[in-house]
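Work through the exercises below with the model on screen. Each task is followed by its solution.

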Amino acid sequence: MAHPHRYDDRDVLLAHVRQIALELPSAKERISHGCPNWFTTKTFAGWHAHVKGSHDSDLLARALWFLPDEDERDVPLRDDRFHVPGYIGHRGWLALDLAHHLGPQSRSTFAADDARGVDWVEVAELIDMSYRNNATKKLVAELDSR
């Protein structure tokens with residue numbers, strides 16, 4: 001059974017994340033479980049996460065999930081924008097709620113200025129770290145040579 005899409009291509013937050021992820025060497029996108037995931041040989045980031053124990057929550061509907069460095073995993077969790085997502089959190093993955101600054105009423109609407117309150121340098125750094133934790137040594141070397 002195919003999963004229903006749990007994203008909207010009109011979402012400016014998703015568009016920014018997609019652009020950052022696809023600029024990395026050999027990065028591709030595929031839809032998995034109804035959401036975009038970015039990968040080379042292994043997935044290094046994804047869109048839309050589940051709150052552990054609550055499929056009905058939309059808290060992480062506009063979230064980036066990523067694999068941080070093991071020694072840096074606890075630092076983001078001191079910030080209420082970061083969460084341990086269901087299903088993948090036990091393997092070290094974290095989720096960053098990119099709609100945190102919008103408030104609960106705006107989580108499922110899409111406005112052109114939604115991206116204004118996001119630190120895109122931080123997002124790029126998280127995606128880069130996750131890429132490095134999942135890509136081959138050859139691809140990481142290619143990234144470093146840019």
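**Exercise 1.** Determine which residues of H1 and H2 meet, and classify them.

*Solution.* Take contact as heavy atoms within 4.5 Å. From H1 come Leu13, His16, Val17, Ile20 and Ala21; from H2 come Trp120, Val123, Ala124 and Ile127. Now sort these contact residues: eight are nonpolar, one is polar and none is charged. Here Ala, Val, Leu, Ile, Met, Phe, Trp, Tyr, Cys and Pro count as nonpolar, Asp, Glu, Lys and Arg as charged, and the others, Gly among them, as polar.

This is a predicted model: local features need pLDDT of at least 70 and side-chain atom pairs pLDDT 80 or more, while totals for chains, interfaces and linings use all residues. Residues are numbered from 1 along each chain as its sequence is written, and side-chain values use heavy atoms, without hydrogens and water.

**Exercise 2.** Describe the packing geometry of H1 and H2.

*Solution.* H1 spans residues 12-22 and H2 residues 120-134. Their axes lie 10 Å apart, at an angle of about 45°. H1 is therefore oblique to H2 (under 35 degrees is roughly parallel, over 145 roughly antiparallel, 65 to 115 roughly perpendicular, the rest oblique). The crossing is right-handed.

**Exercise 3.** Is each face of strand S4 buried or exposed?

*Solution.* S4 covers residues 63-66. Side chains in a regular strand alternate between the two faces of the sheet. Ala63 and Trp65 take one side, Leu64 and Phe66 the other. All four are buried (under 20% relative accessible area; exposed is over 50%, partly exposed in between; 1.4 Å probe, protein chains only).

**Exercise 4.** Find the strands that pair with S4.

*Solution.* Pairing requires at least two DSSP bridges. S3 (residues 43-47) runs antiparallel to S4, with three bridges. Ala45 has Phe66 as its bridge partner. S6 (residues 94-97) is also antiparallel to S4, over four bridges. There, Leu64 faces Leu96.

Methods
Axes fitted to C-alpha atoms, helices over the stretch in contact; angles between N-to-C directions. Helix = DSSP H or I, 4+ residues; strand = E, 2+ residues; numbered from the N terminus. Left-handed = near helix turned anticlockwise from the far one by under 90°.
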